[in-house]
Amino acid sequence: EKAETYSAGFVFEPIKDASLSVDYFSVVRRNEIGFESITTVLLNEDSNDPRFKGKITRDRNNTDPRVPNDPGALQSVVLGFQNAGKTTVRGLDFDLRYAMSLGAWGKLSTGLNATYYLEQRGSGAPNDPQISFNGFRNAPDWRANLRASWSTGNWVNTGVLNYVGKFKAFINPENGSGLAAIRDCGNPFNSYLAHCTVSEWMTLD
């Protein structure tokens, strides 16, 4: 696995104990290391590809007569690491900080961290084209957290508000399998795809 990482940014400090930083980042990973897909291994059980040889073990004495040419009950599937595809992630990081004295009550420190993703693309195999997953399943455009810490004496109390932006509940239809999701996401009888969009949400730590 190889990666190319670039970043550039600036820090602006208009007054003491207050600062704003903005950073651009670009990360491109090639030949990513990951586990083999069990689906891919099973689909290639009878192939001549040496990568899949000996990965599946079956009990040839345990077959179902109702199934034509039943190869036997599945006993084990061996999955290993492999060099897969390529991932490109680019975006902007924002960091805003401010601290103030509370006199005898101690010190209050606040901060806001946010990331806006300009591009999130990936491919599952080395020669496959990259497909955008920006704004699709589990890949929102925005992620952020707002934190505040109050320190007095030997005590520090911290609270963090986490924010995750909305995203579509299905994968990008560019890869083909997302087309069915678009057709079915409004179906009230489909418990998963009945919601086309996952709304933004917040948690408190």
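This is a predicted model: local features need pLDDT of at least 70, side-chain atom pairs count only at pLDDT 80 or more; totals for chains, interfaces and linings use all residues.
The largest pocket has a volume of about 300 Å³, and of the 17 residues that line it, Ser-37, Thr-40, Arg-51, Gln-82 and Gly-124 are the closest to its centre. Three elements, β3 (33–35), α1 (38–43) and β6 (81–83), each supply at least two residues of that lining, and β3 gives the most, with three residues.

I turn now to the aromatic rings, where the count comes to five pairs. In one of them, the rings of Phe-25 and Tyr-117 have their centres 6.4 Å apart and their planes at 85°, and because an angle over 60 degrees counts as edge-to-face, that is how this pair is classed. Phe-25 belongs to strand β2 (residues 18–30) and Tyr-117 to strand β8 (residues 107–122), so that the pair links distant parts of the chain, 92 residues apart; both Phe-25 and Tyr-117 are buried.

Phe-94 and Trp-142, by contrast, form a stacked pair, 6.2 Å centre to centre with 25° between the planes. Since Phe-94 lies in strand β7 (residues 87–101) and Trp-142 in strand β10 (residues 142–152), this pair ties together parts that are 48 residues apart in sequence. Phe-94, at 28% relative accessibility, counts as partly exposed, and Trp-142 is partly exposed too, at 38%. Ring pairs also link Phe-94, Tyr-116 and Trp-142 into a cluster.

Finally, the charged end of Lys-168 sits over the ring of Phe-136, 5.2 Å from its centre.

Conventions: Residues are numbered from 1 along each chain as its sequence is written. Side-chain values use heavy atoms; hydrogens and water are left out. On a 1 Å grid over the protein atoms alone, a cavity is a set of points where a 1.4 Å probe fits but cannot get out, and a pocket is an open set with protein on both sides within 12 Å along at least five of seven lines; lining residues have an atom within 4 Å of a point. Grid points are joined across faces, edges and corners, and a volume is the space filled by probe spheres set on the points. Helices (H or I, at least four residues) and strands (E, at least two) are DSSP runs, numbered from the N terminus. Rings of Phe, Tyr and Trp (its six-membered ring) pair if their centres lie within 6.5 Å; planes under 30 degrees apart count as stacked, over 60 as edge-to-face and the rest as tilted. Buried means under 20% relative accessible area, exposed over 50%, partly exposed in between (1.4 Å probe, protein chains only). A charge sits over a ring if NZ of Lys or CZ of Arg is within 6 Å of the ring centre and within 35 degrees of the ring normal.
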